[in-house]
Amino acid sequence: MPGRAKINLQAELLNYGVNTRGAGVRWFGKVATPDALDYLDLVEPREPQGPDKLLPDGVAENQGRPLLFFINANRLAQPVHEQEAQLKKLRRDLACRGDRAYLAVVRAGSLDVTPVSLTERTLEWSQYQPGSNQALTFFSRLALGRCEPLDEGDQRDFLFQEMFLLVDRTATRLSQLHLKRADVLSLIGRALFFRFLRDRAVIDEEHRHKIVPGAKSLLECFDNADNAWATSQWLDKTFNGDFLPLTEDGSRKFFENIGSRVFHHLGGIARGREPVGDDGFQLRLPIHWGDLNFAHIPVGLLSQVYERLSWKWDPANSGSTSVHYTPRHIAATLVGEVFDNLPNAHKARVLDPACGASVFLVLTLHRLYRERWEATGIRPDTKAIREILEQQLVGFDISDAALKLSALSLYLTAIELDPEPVPPEKLAFKKLLSGRHAILFNWRREEDKAEGPVIGSLGLHTGNRFDGCFDIVLSNPPWTSLEKKDKKLAKELENVSRAIVAKKDAALGEKYENPDSVPDLPFLWKATEWCKPDGRIAMALPARTLFKQRDNSRLARKAIFRLIEVTGIINCSNLRKTNVWPDMDQPFMLLFARNRKPKANHRIHFISPHTDQPLNRGGEMRIDIKSALPIEVEATISEPWLWKALAVGTSLDTDVVRKIKASGGQPLQEYWKSLGLACSNGYQIKPKQKQRDARPLKELPDLNSTDLFRFLVDTRRLKKFPHDKVCWPRLRNRGPDKLRVYRGPLALVKASLGNEREGGVALLSLDDIAYNESFYGYSAAGHSDAELLARYLQLFAHSGLMLHYTLLTSAEIGAERPKFQKLDFDDCLVMPIEKLTASDRLEIHKFSHRLINEDTSVFKDIDAFFARLYGLDELDLEVIRDTLEVRNPNDELGIRASKVPTKPERDRFLRRVEFILRPFFKILGKQPELELWRPSVAMDSPFLIMLLRDRGAKVEVPEKLFREAVLPLANETGATRIIQELDDALLIGMLNQYRYWTPSRTRLLASAILREHLKVFEG
């Protein structure tokens, strides 16, 4: 337009940290291409296009996720008020895609940015100017959720939550009208399907006379019984699928009998309004049906909503069969990884054996469509889409409702992908749920119970027709351990696993058990039969599979890694209770494997994303590809604690654990028993459970709270035990002394450790005492030096060494819950008191009295004492301190670890790295100097940038290198550390979070420099 400066989008975006020359930027042209498949709604929009319709010029992605949509300001309408309307509409359409994303208007000399949003609030823009610190690091901060002015934008799952509320509210109202649940789901599905067709312009007013001749508008198609019946008949006839069946096959009589109020609610979906009461309509904040533009809402998001609805509406099955609806981005990660570099990927057959509402199958249909397009160079048409759908996808489940929703999701996806979805009559589907073309199978048998877990697809009734049929098996199988009432099913599932393991290795199969009656591992084993030899398996599984340390868990893990070639694991145990997987309370992992036995010395690539509050809050996780550890399978079998140690610590931590294990200590419980001593959990009352005689305890003082004492119990301040009966009195009725576990002297370890050991980790009681379940008691009564032993154990409980060892080896603490389990303490290696010298014993007495007198300066001496006993040095103690600081079990969200390091902490880090490098530089006749480069820029960046050079040497660092190489590389790879070689210097970028700037981390950075980059300074 006249008067407007020409804008070079590529050049302008570079000023704001967007690497426009990299693969992370998608440019939207007028013709769809395979790599723009996820943006078809923006490249070839189906909705009616008005003169004011505005679409973005492209998008900048972060780790494959859309983050910043941008548009050339010259394409905006000239009057300001029209621009405002255009941008509001565009922002809302982009928000309908369900991504945590932002919209940028690129102007000559500025960038205006706002979060995409469905809300009606006035547009609020943040403006950036080229050359400023904020501009240079803008995209990097945006990628990590650190643009505070923009952080008011909607969270990743905002659209999902609001859509679910709308669908759930409508379903609830319909159910109150005495409709069957199956009919409720089908009616809502039909209304949504119709709305989808209308918003995607598959149908318009010209089709109205074919659908409902008596209606004056498409908006009236669900307004009454006649119109709703005609619309449903047209849908069934036109699409010819298992289209959400209704009672009486959706006859006219069915619609006449369901009552007029039903149509208010169905009409609300079609008209874009929400019904209230019987007759009225009102708009609901923050969004309502009219806010949703189904021309942009991804079908995968609809699948997620349906899956959640099925989970809520089928509580008997969902709760007991562990239906965890799978977030779309988690499913996308699994699908993306399992397809990467797959030979002949466009021909792959894929099975989801626990498909639910088909989030995985929907994404897989997308991926297969793209693969065929790229392989043939021809965009798949209606016929090709049907071939993919009918010949390459299969789903199993035990929920009829879920499978109906699955069929709907796949129908919608097929229409979404179709380049020519009109006329609608050509879109007929073959039945997906029944008949010879079925691809979705309900494996709940007629003789099975109607609700709850059953053996389903793992049973013999499925036969072997699917064995060896699939190139890929991917799923999120049920996780929840079966209850006692399902003991028979648990045995059946164990037999399934054992039989498959035995076929592969008779010795392993003979002893195999399913740990804790879990249903997920049988699905993994059965996948090896469904999958072709050398095929691929990808599953979302509980991380307990890696961490459990009981014998049957170790054997199960050994069988998996010996018999299945696990290629990679993304361990997400650090991310539970975050928005990465909302409402997920269990630690989880994403497992990738080849269906074959691994070769000798096979290694697994293991990645453990850390908590990152700003990033996780938006539902994202940082997968640092460069930090993937190649783990030798045999090492994890000989050191079964290794998975947990690497999940929470570094290689430095594993070295500390190995030293402790080689020190000559014994597991505490084993040692305690060898001394003939007693230990136990405290008594439990549980009034609703069976009660047992507890009268012998009434002679003892009662310790029933952890808040009464800090380090020493004063029994004079306690009342006597008051109960005649409790559930678990912990009495030893078979021995001569029923109160054996309550005899003093006692070390009483608290089940909840608290945030700081200064508050007390364990109490010392020199007298007999009753203690409740808040404590784990270790009685030294009967030992020749009982008081010393009890004091020794109390000191050990307060040592950093104990908590560090437990954190790195326990299956649960720091991964599943902060609470301390007795078995965690029992498994700790303690140095037998018999090995202690006279000097050691004197120190125990001295430190114990200081502790009891609440001299908190004693903790440093306690740590040094136990470090010496176990052969640890000061560097090992430093590792222990650092790890406990950034991985405190009570700080599950990683608040301390995510904080920006202070200036003293940064300075300490820099000087320490110099100190480590100095001897090696001296050999080269040089002296290392490590300083922050461009501190003013670095402080505004998610990365701190350091320059390592020979002291006093002048080094020119091209700003272009920082702008176009260092920061974009970090964004694209998820790296937490970038080292860029210059002439006689290194430019080092490190994520600006304290976990990477601890004293012990200096050794890891220095080691990487010496190992990989020292040659830079040899010239």
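In this predicted model, D984 sits in the loop between β30 (977–982) and β31 (985–991). Its phi is positive, at about 65°, although D984 is not a glycine. With a relative accessibility of 43%, D984 counts as partly exposed, because that class lies between the 20% limit for buried and the 50% limit for exposed. N344 is another non-glycine residue with a positive phi, here near 50°. The loop that holds N344 runs between α14 (328–339) and β9 (350–352). N344 has a relative accessible area of 52% and is therefore exposed. As background, most residues other than glycine have a negative phi, and most peptide bonds are trans.

Peptide bonds of the cis kind can be found in two loops of the model. One joins V422 and P423, with omega about 0°; P423 belongs to the loop between α17 (400–417) and β11 (440–442). Another runs from G744 to P745, with omega near 5°. P745 is in the loop between β22 (725–726) and β23 (746–750).

P745 leads on to R791. The two residues are 46 places apart in sequence, while their C-alpha atoms are 8.7 Å apart in space. R791 is part of helix α28 (residues 786–797) and is buried, at 4% relative accessible area. The side chains of R791 and E787 are joined by a polar contact of 2.9 Å. In general, an α-helix has 3.6 residues a turn, so residues three or four places apart point the same way. Beyond its neighbours within four places in sequence, R791 is in contact with L764, L766, I844, H845, S848, H849 and I852.

The crossing of α28 past α31 is left-handed. On the α28 side the contact is made by L788, R791, Y792, Q794 and L795, and on the α31 side by R841, I844, H845, F847, S848, H849, L851 and I852. Sorted by class, this contact of α28 with α31 has seven nonpolar, four polar and two charged residues.

T170, R173 and L174 of α6 meet V262, H265, L266 and I269 of α11. The contact of α6 with α11 has four nonpolar, two polar and one charged residues.

Two further places concern burial. In helix α20 (residues 520–530), eleven of the eleven residues are buried, so α20 is largely enclosed by the rest of the structure. Its buried residues include the charged D520, K526 and E529, and also W525 and W530. D471, in strand β12 (residues 470–475), has a relative accessible area of 19% and is buried, because the limit for that class is under 20%. The side chain of D471 reaches the backbone nitrogen of R349 at 2.8 Å. Not counting residues up to four places away in sequence, D471 touches K347, A348, R349, C531, K532, G535 and R536.

Technical notes:
Residues are numbered from 1 along each chain as its sequence is written. This is a predicted model: local features need pLDDT of at least 70, side-chain atom pairs count only at pLDDT 80 or more; totals for chains, interfaces and linings use all residues. Side-chain values use heavy atoms; hydrogens and water are left out. Contact means heavy atoms within 4.5 Å. Helices (H or I, at least four residues) and strands (E, at least two) are DSSP runs, numbered from the N terminus. Buried means under 20% relative accessible area, exposed over 50%, partly exposed in between (1.4 Å probe, protein chains only). A polar contact is a pair of N or O atoms within 3.5 Å; within protein, one must be able to donate a hydrogen and the other to accept it, and residues adjacent in sequence count only if both atoms are side-chain atoms. A crossing is left-handed if the near helix is turned anticlockwise from the far one by less than a right angle, and right-handed if clockwise.
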